Amino acid sequence: MVGGTQCFLILDALAKHLSGSLPVLEVVWGRYTFHLLFIVILMRPKSLRGLFATTHPWLQTARSILLLAATMAFFSAVKFMPLANATALGFTWPLLVTALSVLILKERVGVWRWGAVLIGFLGAVIIIRPGIEIITWTSVLPLGMACVYSLYQILTRMIGHDDSSMTSLFFTAVFGTVVMSALAPFIWQPTTYWMWLEMALMGAIAGFGHFLVIKALQMAPASVLAPFAYLQVVVSVLYSWLIFGDVPDIFMLVGAGVIVSAGLVIVYRERQRTNVQPLDV
């Protein structure tokens, strides 16, 4: 989960950079088209036929719609606001996943995990507090992304034991490519060699990141994994500072510390609950 969310952060940074020169929908097209190309190269054409085999065609379609909507909303958000702020606002999704895990998946979530998730959410609120001026229509975009992405995570969990991770990855790539290719002629702007290279990198990173998250959700409850993704908020502060020149203030640093602490509480509590020993690496 940590590796997958860090891939998404690199993806978001590339999207922010590209959206400064290209329409957001064109950037989304590049992300999905090269995502699909990445899968085709990885699996080879002879192996692709098996990826269409699914026991949940409607759930796979619903997942694909949700992920495409989340991508469009968040790429639009990072175009108009700092990456760290958009990431913090969007990271209400792990809290929503925890709630939905109880309601839909009937997972048991203890007081410690509920508390850690709420503390992590508080850390995100601390990060965005100084930027109250950004609470405009643009703030609705990452919050909307959080809603649909949490549902995407739940559906991924529901089909994880029946469909392979590559099938789930393939469905989202095909759906997004087909839809965005239909829209591309209406919004297309000329691209440079470096823009094509960035879009290709986006596709590869997106594919690999989603593969990691899908595999994680197949092996552990969504409510356990969700808090680990808060690390993406912490690293987004560094990306905003080093790449885009958004210097963090004291509220940003305090919020990041709260989020990291919440993640460590989750790790410690889960080891106690399952008697898992630290890995010797």
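A cavity here is a set of points, on a 1 Å grid over the protein atoms alone, where a 1.4 Å probe fits but cannot get out, and lining residues have an atom within 4 Å of a point. Helix H1 (2-19), helix H4 (57-80) and helix H8 (137-159) are the elements that each give two or more residues to this lining. H4 gives the most, with five residues.

Before going further, please note that this is a predicted model, in which local features need pLDDT of at least 70 and side-chain atom pairs count only at pLDDT 80 or more, while totals for chains, interfaces and linings use all residues. Residues are numbered from 1 along each chain as its sequence is written, and side-chain values use heavy atoms, with hydrogens and water left out.

**More on the cavity**

The largest cavity holds about 270 Å³ of space. Its volume is the space filled by probe spheres set on the grid points, which are joined across faces, edges and corners. The structure has two cavities of 30 Å³ or more.

**The chain as a whole**

The protein chain has 13 helices and zero strands. Helices (H or I, at least four residues) and strands (E, at least two) are DSSP runs numbered from the N terminus. Of the 281 residues, 52% count as buried, where buried means under 20% relative accessible area, exposed over 50%, and partly exposed in between (1.4 Å probe, protein chains only). The chain exposes about 13100 Å², and carbon and sulfur atoms supply 73% of that area. Accessible areas come from the Shrake-Rupley method with a 1.4 Å probe, and for residues only the protein chains shown count as cover.

**Aromatic pairs**

Rings of Phe, Tyr and Trp (its six-membered ring) pair if their centres lie within 6.5 Å; planes under 30 degrees apart count as stacked, over 60 as edge-to-face and the rest as tilted. By this rule there are seven aromatic pairs. One of them joins Trp29 and Trp188 edge-to-face, at 5.1 Å centre to centre and 90 degrees between the planes. Trp29 lies in helix H2 (residues 24-43) and Trp188 in the loop between helix H9 (165-187) and helix H10 (193-219), so this pair ties together parts that are 159 residues apart in sequence. Trp29 is buried, at 13% relative accessible area, whereas Trp188 is partly exposed, at 34%.

Phe34 and Trp196 form another edge-to-face pair, with 6.2 Å between centres and 75 degrees between planes. Because Phe34 sits in helix H2 and Trp196 in helix H10, the pair ties together parts 162 residues apart in sequence. Phe34 counts as buried at 16% relative accessibility, and Trp196 as partly exposed at 34%. Ring pairs link Trp29, Phe34, Trp188 and Trp196 into a cluster.

| Pair | Separation in sequence | C-alpha to C-alpha |
|---|---|---|
| Cys7 and Gly209 | 202 residues | 5.1 Å |
| Thr172 and Leu68 | 104 residues | 7.9 Å |
| Tyr239 and Leu9 | 230 residues | 8.6 Å |

Cys7 is in helix H1 and counts as buried at 12% relative accessibility. Beyond its neighbours within four places in sequence, Cys7 is in contact with Ile205, Phe208 and Gly209.

Thr172 belongs to helix H9. Is Thr172 buried or exposed? Thr172 is buried, with a relative accessible area of 2%. Leaving out neighbours within four places, its contacts are Tyr32, His35, Arg63, Ser64, Leu67 and Tyr152.

Tyr239, in helix H12 (residues 231-242), is partly exposed at 22% relative accessibility. With neighbours within four places set aside, Tyr239 is in contact with Leu9, Ile10, Ala13, Leu83 and Phe244.

Technical notes
1 Å grid on protein atoms, 1.4 Å probe; cavity = no way out; pocket = protein on both sides within 12 Å on 5 of 7 lines; lining within 4 Å. Contact = heavy atoms within 4.5 Å.
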